[in-house]
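Welcome, and let's take a friendly walk through a protein model together. Have your viewer ready and follow along, one stop at a time.

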Amino acid sequence: MKQKHNVKVDGLDIEFATGSLAGLASGAVTIRSGETELFVSTTAASTLRPGQDFFPLTVDYREKFSAAGKFPGGYFKREGKPSEKEILTSRLCDRPLRPLFPKGFMNEVQVIGMLLSTDQLNEPDVLMVNAASAATLISDIPWNGPVGCVRVGQIDGEFVTNPNHDEMLDSDLDLIYVGTETEMLMIEGSAEFISDDRFYEALVYAQDAIQPIIAAQRELAKLAGKPKKEFELMVTPKEITDFCEEHASDKVREALKHDSYTERKIAVEAISSETIEALKAKLGEDSVSKDDVTRAFDEIQEKLYRQNIMETGRRVDGRGVKDLRTISCETGTLPRVHGSAIFNRGETQALVITTLGTSRDTQDIDGITGGARTKSFILHYNFPPFSTGEAGRFGFTSRREQGHGALAERSLLPILPPEDEFPYSIRIVSEVMSSNGSTSMASICGGCLSLMDAGVPITAPCAGISTGLVTEQDENGKITKHVCLTDILGAEDHFGDMDFKVAGSPDGITGFQLDLKIRGLPFDIALEAIKQNRDARMKILGIMAEHMPESRKELREHAPRITTIKIAPDKIGALIGPGGKNIRRITEVSGAQVDINDEGNVLIFATDKESMDRAVQEVDACTAEIEVGKTYRGIVRGVKDFGAFVECLPGKEGLVHISELADFRVNKTEDICKLGDEMVVKCIGVEKGKVRLSRKAALEEAKEAADDASEETAAESSAE
């Protein structure tokens, strides 16, 4: 789409454009790569909301089916609620934009992205971040961007910038990297056991790769950028700040010494209430805003948390900067379920449940932009309000829950066995019972233990932990002093500068996510955090191994069992039967589920041995051939003057000539059998596809077996 201003990115198939669409938005751009094109707008409210005490940035990314030349499914033929992909892309874009707005800027900002066209080859999530950066940069909204975003893959040991969907099939790294001209800002992704050193090299590679994207945005801003508006910054009145510092700082310092998160919270709230009353007495009832006091108390707590760490190297709970909280594990905690575990780390607790299913339990993905269409591994993360000791909305899935679940899911995916070796669908549900920092990492640890408890033969154990950061900066924002924190509390996440989550096994990293509150992370600090994270991860893996060194050898009692039978591809039709008749019959009589693929692999799922044995027997019967010398219990399907046709196997029959119906002369076939009768027969020959059966031979065989049994019984009696 040609617009007034078009700027191409050097070395990458990306083009920014602006000037012709959405003229009333604060900023609007389109971005294109191949035949994938997005439109993104950024708009800010001109006034503050009454009583507002937070920065309301919202990012919404939507994919329209028209972009792929498709109709939406369903009755209304209109896109409905956002898909998981849309929500995750929105979060991906929100996180690097947020820390670059000026401190105290509280006007609502809304970023809206729409997929206009997709070639189903070039992924739009990276484009969304770059377009949002460009739209915000050229707008009249104050913002300290731009940022550049790339996806980095690794194919045959070489890094690749922005690999397409086909290329990603061969990549063992999926790194989404966002940075400024000098520092990293946000990362997200997964890997197949990449080493810590190689992971760091990928970050350095990505920082170089984003520079042409940032340069192109700078050029676009020169051509079409608007002058930045002056917005009123929300700052706590100095009189309020000074009063709170003087009257409450020492009390808050004592309150923060409580061991429990809840006790600290209640104590600080009580001090805040006392301070509000004291302020009202001094300044008057109408001169004190509760929001101002709340912000002042946040500033006091932030100062005390950070000051204590920077000056003493100790944290609010008494730990050193590299210390883990107390960790405990428990497995097999719930009856009936296929696998369960409870993982505790300090006041953070996750109850994690694994369910094994059949191929029919896979999740269909109604995708527009390419990639997989089904998922056989699903992880759902739930964060109820009671987990933080609060009452709140319950029963819907928040964006945060979807994001944390996705991080845990992609971190555990590399440790799962190949589907051809363990052909189950797997669902993990993490129920957060208590939260005080890094519940997504607790979900990974608990998820791994739950898989092992279910008997899933994982390739390696996996654990995750978060590393935080506290810094001191000069007037230009340059970090002059810093401390990295292992296993951060919720408050250390809130008042600190970084949340750097990394998950992995002893063999390498499998998942990662970095969020910052500062405007960039120097690479030397990133490397320090990566190494510190690995040390903590190895300790957690050691604790998990002490509790459960390996997966259970057998599945839990109530888990479905799977038997795989290989049949010739030309037998598939016979097994399925006309209109699926045979498969339906096998399912009904056995209670098992039977799935067949094009290669002739038959998967039988059953919850008990009797059901499995019956299904295997029926499958064998449908695909087997009548063999000479074998005896069968068949059904009479035809009665003729010259004999009877008996169905020995489903759809397979042979002729019992009238002379083979009995060991005496038979005058009429009807004297021995009629249609529908059961008959035991023995195959005595197959000539040119015609099967000859004998009831007489089967009777003789049965008589001989009975005589032999009688002789054995008589011999045993004589011996006694």
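F101 and F105 are both buried, and what you are looking at here is a predicted model. Turn to these two rings to begin the tour. Their centres are 5.9 Å apart and their planes meet at 5 degrees, so F101 and F105 make a stacked pair; planes under 30 degrees apart count as stacked.

Now keep F105 in view and bring in F231. These two rings form an edge-to-face pair, with 5.3 Å from centre to centre and 90 degrees between the planes. The pair ties together distant parts of the chain, since its members are 126 residues apart. F105 belongs to the loop between helix 1 (84-97) and strand 6 (109-117), while F231 belongs to the loop between helix 5 (211-224) and helix 6 (238-255). Both F105 and F231 are buried.

Across the whole structure, a search finds 13 aromatic pairs.

The charged end of R393 sits over the ring of F396, at 4.0 Å from its centre. R400 lies over the face of F383, and here the distance to the ring centre is 4.1 Å.

Next, find Q52 in the loop between strand 4 (36-44) and strand 5 (57-63). Is Q52 buried or exposed? Its relative accessible area is 5%, so Q52 is buried, given that the cut-off for buried is under 20%. Leaving aside residues up to four places away in sequence, Q52 touches M106, N107, M234 and R295. K303 is another matter: it lies 251 residues from Q52 along the chain, and their C-alpha atoms are separated by 23 Å.

Finally, let's turn to the backbone. Most residues other than glycine have a negative phi, and most peptide bonds are trans. With that in mind, look at the peptide bond from G145 to P146, which is cis, with omega near 10 degrees. P146 lies in the loop between helix 2 (124-138) and strand 7 (148-155).

Which value does phi take in K77? It is near 55 degrees, a positive value in a residue other than glycine. K77 sits in the loop between strand 5 and helix 1 and, at 46% relative accessibility, counts as partly exposed. N162 is not a glycine either, yet has a positive phi of about 50 degrees. You will find N162 in the loop between strand 8 (158-161) and helix 3 (165-168), partly exposed with a relative accessible area of 22%.

Notes: Residues numbered from 1 in each chain as written. Predicted model: local features only at pLDDT ≥ 70, side-chain atom pairs only at ≥ 80, totals over all residues. Heavy atoms only, no water. Phe/Tyr/Trp six-rings, centres within 6.5 Å; stacked < 30°, edge-to-face > 60°. Buried < 20%, exposed > 50% of the residue type's maximum accessible area, 1.4 Å probe, protein only. Helix = DSSP H or I, 4+ residues; strand = E, 2+ residues; numbered from the N terminus. Lys NZ or Arg CZ within 6 Å of the ring centre and 35° of its normal. Contact = heavy atoms within 4.5 Å.
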